[in-house]
Amino acid sequence: IDNGLPPTVTINQASTQPDPTALFPINFTVVFSEPIDITTFTNTDIIQNGTATGITPWGITDSGDHTTFTLFASAVSGIGTLIPSIAPGMVTDSIGNPNLAASTSTDNTITYENTPPTVTIDQASGQSDPANGTPVNFTVIFSEPINVSTFIASDINNQSGTIASSLITWGITDSGNHMNFTVSATAVAGNGTLVPSIGAGKVTDVAGNNNLASTSPTDGSVTFNDNVSPTVTVNQAVLPQKDPTNVLPINFTVIFSEPIIASIFTPSDISQTGTATGITWSIADS
């Protein structure tokens, strides 16, 4: 027994589909109001109402109940929107009632965008050059919003500068629009030039496109002359260090106010002003 009503159909973004995207497949969920005759539902039934071009071909996967399907684009040659629809009368239910035109209940538009973001790095406004203290600030501008989780301090290098990257600690502050950032050298253990750069393929935009290598259209270099001596404190290590004790090792915590060149901090630098004798010191870097 059939109610004689034509099947309705909705097309929406798939639940986990990113939008915008540069990745394939691009997935939509198609839901009919009742099981259909699957032989009547083919990719030639799909009409593209968006601006993207070269969708070759649409693919259709049946969930198994002949009611819910995944519609996917496996290739797109021209950027723009994908808005698939199904005209009335293209698909029939199991006894031959033709479908009504497809509608959407949430969102049936996905933007395909495959343009890599560009990025520039220059001295921040107001940054002194030369500088003798931290932070040393640079302004980083991407050409479009990025996925901020992909932009991390290890993406920044100082290959064009004269201070080894290993001697610099970088910090990143988002302005809030995910395009404009302040990159700061928060600690520098050396003198020379800071010229931060970001290599290609380190950061992605929200569609998943990898960035192009950074450029510096104005001035991306700051000369750093550190004339501030690091301070240092030496204290008993926290528990489990006991005082008094007869158990070795006997631990102290040494804290410098900024990163040091670890290779020149040796046990011979340690002076013992107490009364114990015959001490062998060792140093472990955190």
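Predicted model: local features only at pLDDT ≥ 70, side-chain atom pairs only at ≥ 80, totals over all residues.
**Exercise 1. Which residues form the nonpolar patch on the surface, and which strands supply it?**

Solution. List the members. They are Val232, Val234, Leu248, Ile250, Phe252 and Val254. Together they have about 550 Å² of accessible area. Such areas come from the Shrake-Rupley method with a 1.4 Å probe, and for residues only the protein chains shown count as cover. Check the patch rule: residues need over 30% relative accessible area and no salt bridge; like charges are joined within 9 Å, and nonpolar side chains (Val, Leu, Ile, Met, Phe, Trp, Tyr) within 5 Å. A salt bridge is a side-chain nitrogen of Lys or Arg within 4 Å of a carboxyl oxygen of Asp or Glu. Finally, assign strands. β17 (232–236) and β18 (252–256) each give at least two residues to the patch.

**Exercise 2. Describe two of the aromatic pairs.**

Solution. A pair of aromatic rings is described by the distance of the centres and the angle of the planes. Rings of Phe, Tyr and Trp (its six-membered ring) pair if their centres lie within 6.5 Å; planes under 30 degrees apart are stacked, over 60 edge-to-face, and the rest tilted. This rule gives 11 aromatic pairs. Take Phe32 and Phe41: their centres are 5.4 Å apart, the planes make 80 degrees, and the pair is edge-to-face. Both Phe32 and Phe41 are buried. Now take Phe252 and Trp281. This pair is also edge-to-face, at 6.1 Å centre to centre and 65 degrees between the planes. It links distant parts of the chain: Phe252 is in strand β18, and Trp281 is in the segment after β18, 29 residues apart. Phe252 is partly exposed at 43% relative accessible area. Trp281 is partly exposed at 28%. One more step: Phe32, Phe41 and Phe69 form one aromatic cluster.

**Exercise 3. Where is Gln127, and what does it touch?**

Solution. Gln127 is in the loop between β9 (119–123) and β10 (136–142). Its relative accessibility is 14%, so Gln127 counts as buried. Look at the side chain: it reaches the backbone nitrogen of Asn137 at 2.8 Å. Then list contacts, meaning heavy atoms within 4.5 Å. Beyond four places in sequence, Gln127 touches Pro135, Val136, Asn137 and Val222.

**Exercise 4. Which residue does the side chain of Ser197 reach in a polar contact?**

Solution. Ser197 belongs to strand β15. It is buried, at 19% relative accessibility. A polar contact is a pair of N or O atoms within 3.5 Å; within protein, one must be able to donate a hydrogen and the other to accept it, and residues adjacent in sequence count only if both atoms are side-chain atoms. The side chain of Ser197 makes such a contact with the side chain of Asn157, at 2.7 Å.

**Exercise 5. Find backbone exceptions.**

Solution. Most residues other than glycine have a negative phi, and most peptide bonds are trans. Check the prolines. The bond from Phe24 to Pro25 is cis, with omega near -5 degrees. Thr134 and Pro135 are also joined by a cis peptide bond, with omega about 0 degrees. Pro135 lies in the loop between β9 and β10. Now check phi. His66, not a glycine, has a positive phi of about 60 degrees. His178, not a glycine either, has a positive phi of about 65 degrees. His66 is in the loop between β4 (58–62) and β5 (68–73). His178 is in the loop between β12 (168–174) and β13 (180–188).

Methods: Residues numbered from 1 in each chain as written. Heavy atoms only, no water. Helix = DSSP H or I, 4+ residues; strand = E, 2+ residues; numbered from the N terminus. Buried < 20%, exposed > 50% of the residue type's maximum accessible area, 1.4 Å probe, protein only.
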